[in-house]
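This report covers surface patches and ring contacts in the model shown below.

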Amino acid sequence: MREYLSQLITESGTLTSQEIVLHIMASAVLSIAIYVSYWYTHSGTAYSKKFNVSLVTLTILTATVMTVIGNNIALSLGMVGALSIVRFRTAIKDSRDTAYIFWTIIVGICCGVGDYLVAGVGTAMVFAVLLVLGRVRNENRILLIIRGAKEKSAEMERTVFSYFDKRALLRVRNTTADHVELIYEMTRKVWQINYQKDIDISDALYALGGTEYVNTVTQSDEISG
């Protein structure tokens, strides 16, 4: 009886206990590289320590699942059925987070099937790419929102185009019977022209008369939590 229990503990399917430990340990080691990469490239406001720890855990869990499944088709189909009922409702704050999730799953799968070379080379390559390009961020755009009398719309447009050397793009033009709202989009570099002028763009627009308000909004594609 004791020998039978010992055999159940030390063996799992066709894998020995040493192979199982090696699979899990390899995934844990490679998950540290993912952890460091995420920490380095997401050191800004979007960085989440909990999500980073979850990446490490997901890598190990994926490797564990793949170790259990192995070449057993019945177990693989059962696992697919079990995971199909899970619904994840956590919003992804950064598009790069999706890439990290796929990275952890792929590393876990490779380690789970014992293909350490593919897991190691792939991790090294992705780590190098993210090390160089991971801090690349979208350039924030400036929106200039102007509302005023409709009869002054032509003067407003001339003022903005001349003020920013015709590099401010008119994106939206909303009109009513008496008023007009203009929304211009420009890069931060173009917006710097405003600080090189003696008179601020808002003061120049108010000087035309009939201008109700001038708002400046910074628009970004990234969502910070």
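In this predicted model, a nonpolar patch on the surface is formed by I32, Y35, V36, W39, Y40, V53, M125, V129, L131, V132 and L133, which together have about 1000 Å² of accessible area. Helices α2 (17-41) and α6 (116-133) each supply at least two residues of the patch. V53, another member of the patch, is found in helix α3 (residues 49-69). V53 is partly exposed because its relative accessible area is 46%, between the limits of 20% and 50%.

A search of the whole structure finds six aromatic pairs. Among them, Y100 and W103 make a tilted pair, because their planes lie at 40° with the ring centres 5.7 Å apart. Y100 and W103 are three residues apart in helix α5 (residues 95-112), so about one helical turn separates them.

The rings of F161 and Y184 have their centres 5.8 Å apart, and their planes are at 85°, so this pair is edge-to-face. The pair links distant parts of the chain, with F161 in helix α7 (residues 153-163) and Y184 in strand β5 (residues 179-187), 23 residues apart.

The table gives the accessibility of the residues in these two pairs.

| Residue | Relative accessible area | Class |
|---|---|---|
| Y100 | 2% | buried |
| W103 | 7% | buried |
| F161 | 26% | partly exposed |
| Y184 | 0% | buried |

Ring pairs also link Y100 and W103 with Y38 and F51 into a cluster.

A contact between a charge and a ring involves K197, whose charged end sits over the ring of Y163, 5.5 Å from the ring centre.

Notes
Residues are numbered from 1 along each chain as its sequence is written. This is a predicted model: local features need pLDDT of at least 70, side-chain atom pairs count only at pLDDT 80 or more; totals for chains, interfaces and linings use all residues. Side-chain values use heavy atoms; hydrogens and water are left out. Patches are made of residues with over 30% relative accessible area and no salt bridge: like charges are joined within 9 Å, nonpolar side chains (Val, Leu, Ile, Met, Phe, Trp, Tyr) within 5 Å. Accessible areas come from the Shrake-Rupley method with a 1.4 Å probe; for residues, only the protein chains shown count as cover. A salt bridge is a side-chain nitrogen of Lys or Arg within 4 Å of a carboxyl oxygen of Asp or Glu. Helices (H or I, at least four residues) and strands (E, at least two) are DSSP runs, numbered from the N terminus. Buried means under 20% relative accessible area, exposed over 50%, partly exposed in between (1.4 Å probe, protein chains only). Rings of Phe, Tyr and Trp (its six-membered ring) pair if their centres lie within 6.5 Å; planes under 30 degrees apart count as stacked, over 60 as edge-to-face and the rest as tilted. A charge sits over a ring if NZ of Lys or CZ of Arg is within 6 Å of the ring centre and within 35 degrees of the ring normal.
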